[in-house]
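This briefing goes through one protein model by topic. The sequence and structure come first, followed by the notes.

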Amino acid sequence: MSDLRIVSLIPSATEIVDSLGLSDRLVGRSHECDFPESVRSLPACTQPQFDPNGSSPQIHDRVTELLQSALSVYRVETELLRELHPTHIITQAQCEVCAASLAEVEAAVAQLSQSQPKVISLQPSVLAEVWENMRLVGEQLGADAEDAIAGLQQRVEEVRRRVAGQPEPSVVCIEWTEPLMSAGNWVPELVQLAGGVPHLGEIGQHSPWIEWESLESVDPDVIVVMPCGYDLQETQEDAKHLTQHPAWPQLKAVQTGRVYYCDGNQYFNRPGPRLVDSLELLAEILHPSCCDFGYRGTGFSTI
């Protein structure tokens with residue numbers, strides 16, 4: 001493993017590499033990789049092709065315009081890759097809005113004349129596939145992932161044990177505020193494991209755009225707001241797109257004070273080892289009487 005030179009182009013893969021004890025073999029990252037803290041000093045090998053600052057409708061419009069023009073949402077820094085001489089590049093085929101696509105990475109690698117790094121592509125949509133991704137990365141990098149996976153699975157089982165027999169509130173998780181999108185993929189599974197009943201999102205299916213009428217019809221016991229790429233403060237600021245809607249005050253979760261704002265960027269948006277942190281966070285939200293993992297105020301808030 002001494003000759004490993006890893007470039008990770010998605011935050012979840014960077015966290016997988018770290019969980020395998022190989023963060024010291026990372027030589028490059030994506031512009032969004034920021035955990036563990038040590039990776040922030042690494043050169044960023046991708047950059048957005050749009051201004052990532054602004055409100056949710058502004059960002060949505062910018063990304064939509066790029067996609068409708070058949071343009072890439074992110075740029076792969078080919079010259080930087082050439083300088084880094086990676087042996088492995090980890091990317092994704094999950095969502096072209098979330099990170100550089102597999103096709104873009106393969107096109108960049110094809111331009112590297114002095115090296116041909118191994119490209120590892122991840123596409124998890126449920127927890128079991130996260131475990132398989134960890135095994136795949138471990139196999140490709142010569143590391144054993146089983147101990148790390150076993151530790152994560154033990155934490156999942158501890159959450160299941162704590163919430164067993166508790167009332168199961170209905171839950172809607174919001175992944176984007178304007179236009180309105182509910183959370184799919186692994187998030188409904190996390191809601192179930194945390195002792196809730198997920199609505200407006202299917203396990204293993206892409207996150208769907210929804211109408212306000214759907215949210216009003218479900219009228220969930222709990223609403224969890226976790227916009228993709230937003231930290232806790234940004235989520236709280238962006239929530240005005242929800243709170244200013246005329247239907248908002250009439251929702252049961254609003255009236256009972258069961259609306260929670262989360263750091264989606266650090267937790268729910270990253271399909272890696274910290275999805276287990278996300279599960280613990282959800283369990284703390286849904287069942288505070290039996291679950292206290294210390295996320296309140298850092299991972300989520302009610303204000």
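This is a predicted model: local features need pLDDT of at least 70, side-chain atom pairs count only at pLDDT 80 or more; totals for chains, interfaces and linings use all residues.

Helices (H or I, at least four residues) and strands (E, at least two) are DSSP runs, numbered from the N terminus.

Residues are numbered from 1 along each chain as its sequence is written, and side-chain values use heavy atoms, with hydrogens and water left out.

**Overall content**

- The protein chain has twelve helices and twelve strands.
- Of its 303 residues, 53% count as buried; buried means under 20% relative accessible area, exposed over 50%, and partly exposed in between (1.4 Å probe, protein chains only).
- Contact means heavy atoms within 4.5 Å. Among contacts between residues at least 6 apart in sequence, 67% join residues at least 24 apart.

**Helix α5**

- The buried residues of α5 are L127, V130, W131, N133, M134, V137, G138 and L141.
- Seen down the axis of α5, these buried residues fall within an arc of 155°, so they line one face of the helix. The arc is that of the directions from the helix axis to the C-beta atoms.
- W131 is in contact with I149, L152, Q153, V156 and V276, leaving aside neighbours within four places in sequence.
- G142 follows α5 and has a positive phi, near 75°.

**Nonpolar cores**

- A nonpolar core is a set of buried Ala, Val, Leu, Ile, Met, Phe, Trp, Tyr and Cys residues joined through side-chain atoms within 4.5 Å.
- The largest such core has 54 residues, and those with the most contacts inside it are W131, V137, V224, F268 and I285.
- Helix α12 (residues 275–286) gives the most to this core, with eight residues.
- A second, separate core has 17 residues, including L180, L232, W248 and Y261.

- Two strands pair if DSSP finds at least two bridges between them.
- Strand β7 (residues 170–176) and β10 run parallel and are joined by four bridges. I174 has V225 as its bridge partner in β10.
- β10 and β11 also run parallel, with three bridges between them. V224 has Y260 as its bridge partner in β11.
- From strand β10 (residues 222–225), V222 and V224 point one way and I223 and V225 the other way; all are buried.

**Y260 and S301**

- Y260 lies in strand β11 (residues 259–262) and is buried, with a relative accessible area of 7%.
- Not counting residues up to four places away in sequence, Y260 touches V222, I223, V224, V225, I285, F300, S301 and T302.
- The C-alpha atoms of Y260 and M226 are separated by 8.7 Å, and the two residues are 34 residues apart along the chain.
- S301 lies in strand β12 (residues 300–301) and counts as buried at 12% relative accessibility.
- The side chains of S301 and Q236 make a polar contact (2.6 Å). A polar contact is a pair of N or O atoms within 3.5 Å; within protein, one must be able to donate a hydrogen and the other to accept it, and residues adjacent in sequence count only if both atoms are side-chain atoms.
- Leaving aside neighbours within four places in sequence, S301 is in contact with L232, Q236, V259, Y260 and Y261.

**Backbone exceptions**

- Most residues other than glycine have a negative phi, and most peptide bonds are trans.
- The peptide bond from F35 to P36 is cis, with omega near 0°; P36 is in the loop between β2 (26–28) and β3 (46–48).
- The peptide bond from E178 to P179 is cis, with omega near -5°; P179 is in the loop between β7 and β8 (181–182).
- L200, which is not a glycine, has a positive phi near 65°. L200 is in the loop between β9 (197–198) and α8 (212–218) and is partly exposed, with a relative accessible area of 23%.
- D219, also not a glycine, has a positive phi of about 45°. D219 is in the loop between α8 and β10 and is partly exposed, with a relative accessible area of 23%.
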